[in-house]
Amino acid sequence: VFSLWFHAYEQSDEATRLVVRTLGSVFSHVMLFGDDDLGNLIAVASMERMEPDFEAMEDRYREPEIRENLARLGIPNLAAFLSHHRVSQDRFSEMIDPGELNRLGSERLEYWGPRSFFLSENSFFIEDFDPLVQGVTEKTDILFDRYRAYREAVGQPLTFREFQAVARYAQSMGGYGPKVAKSIAARARRAGFTIRISD
C-alpha cells in the first residue's frame with residue numbers, strides 16, 4: 001500500500017488532475033481521504049483492491065493510545081474517522097481523464113504548483129466525486145456507509161449517539177463540514193433517528 005498526501009488549496013484543477021491522473025496511471029486502486037474542505041487529501045493506493053477489515057479497525061480503535069490521539073483531533077468515534085473517506089476506489093477511477101502525466105523527465109507539477117500559489121488558485125473538482133458533500137443520501141461505497149452496513153450485519157447497528165457524534169463532529173468543522181453533517185443526518189433518518197443540524 002502506498003500513501004500520498006497532496007493538497008487542492010493553492011492548486012489549480014489542472015495541477016490536481018495531474019496528480020490524480022499520474023497516481024491512477026501507476027496504481028489500479030486508489031481511495032481518497034479528505035479534511036473539512038477537501039484542501040488536504042490523502043491517497044491510499046494499491047495494485048490490488050483494498051477491502052476494509054472493520055473488525056480489525058474496531059480492535060485498533062479500542063487501544064487507548066489510538067483513541068486518545070484521535071480524540072485530540074476532535075474525532076469522537078470510529079465512524080467519524082471513517083467519514084473522512086470521501087472518494088472510493090471505483091469513484092477515483094472515474095476522476096481520471098486523459099492527459100499528461102508527471103514524470104521524472106517531465107516534472108510539470110514542479111512548475112504548475114508554484115504558479116497556482118502565486119495566482120491564488122484553488123481546486124474544487126474533487127467535491128464533485130464526494131457523496132457526502134454532494135448530499136447523496138442512499139448507501140454508497142465510502143467507508144462510512146460500508147461500516148454502517150457491517151454494523152447492521154453483525155447485529156450492532158450504529159446508535160443514535162454515534163450518528164449524533166459524527167454529525168456534530170462534521171458540523172463543527174469548517175469548509176464542507178455542514179454539508180457532510182446534513183448527509184450524516186439524512187442517513188440517521190433512514191435508521192429511524194432525528195438529528196437536528198443548524199444551517
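A polar contact here is a pair of N or O atoms within 3.5 Å; within protein, one must be able to donate a hydrogen and the other to accept it, and residues adjacent in sequence count only if both atoms are side-chain atoms. You can find one at the start of H2, where a side-chain oxygen of Asp53 comes to within 3.3 Å of the backbone nitrogen of Glu55. Before going on, note that this is a predicted model, where local features need pLDDT of at least 70, side-chain atom pairs count only at pLDDT 80 or more, and totals for chains, interfaces and linings use all residues. Residues are numbered from 1 along each chain as its sequence is written, and side-chain values use heavy atoms, with hydrogens and water left out. The labels H and E refer to DSSP runs numbered from the N terminus: helices (H or I) have at least four residues, strands (E) at least two.

Let's take the sheet next. Four strands make an open sheet in the order E1-E3-E2-E4, with antiparallel pairing; two strands count as paired if DSSP finds at least two bridges between them. At the edges sit E1 (2-7) and E4 (85-87), each pairing on one side only. From one strand to the next, the twist averages 35°.

E3 (residues 40-46) is joined to E1 by six bridges. Along that pairing, Ser3 has Val44 as its bridge partner, and Leu4 has Ala43. Another six bridges join E2 to E3, again antiparallel, and here His29 stands opposite Ser46. E2 and E3 form a hairpin with five residues between them, and Leu38 in the turn has a positive phi of about 55°. Five of the seven residues of E3 are buried, so this strand is largely enclosed by the rest of the structure. For the record, buried means under 20% relative accessible area, exposed over 50%, and partly exposed in between (1.4 Å probe, protein chains only).

Helix H1 (residues 13-26) lies across E1, E2 (29-34) and E3, running at about 170° to E1. Such angles run from 0 to 180 degrees between N-to-C directions, and axes are lines fitted to C-alpha atoms, for helices over the stretch in contact. Thr22 belongs to H1 and counts as buried because its relative accessibility is 17%. Leaving aside neighbours within four places in sequence, Thr22 is in contact (heavy atoms within 4.5 Å) with Leu101 and Asn102.

Back to H2 (residues 54-61), where Phe54, Glu58 and Tyr61 are buried. Seen down the axis of H2, these fall within an arc of 65°, so they line one face of the helix; the arc is that of the directions from the helix axis to the C-beta atoms. They pack against H3 (64-72), H4 (78-82) and H8 (143-153). H2 and H8 meet at an angle of about 95°, with axes 11 Å apart. The two are therefore roughly perpendicular, a label for angles of 65 to 115 degrees. Phe54, Glu55 and Glu58 of H2 make the contact with Leu143, Arg146, Tyr147, Tyr150 and Arg151 of H8.

Last stop: Arg187, in helix H10 (residues 177-190). Is Arg187 buried or exposed? Arg187 counts as buried because its relative accessibility is 0%. A polar atom of the Arg187 side chain lies 2.7 Å from the backbone oxygen of Val136. Not counting residues up to four places away in sequence, Arg187 touches several others, including Glu138, Asp145, Phe144 and Phe163.

Terms used: Parallel < 35°, antiparallel > 145°, perpendicular 65-115°, else oblique.
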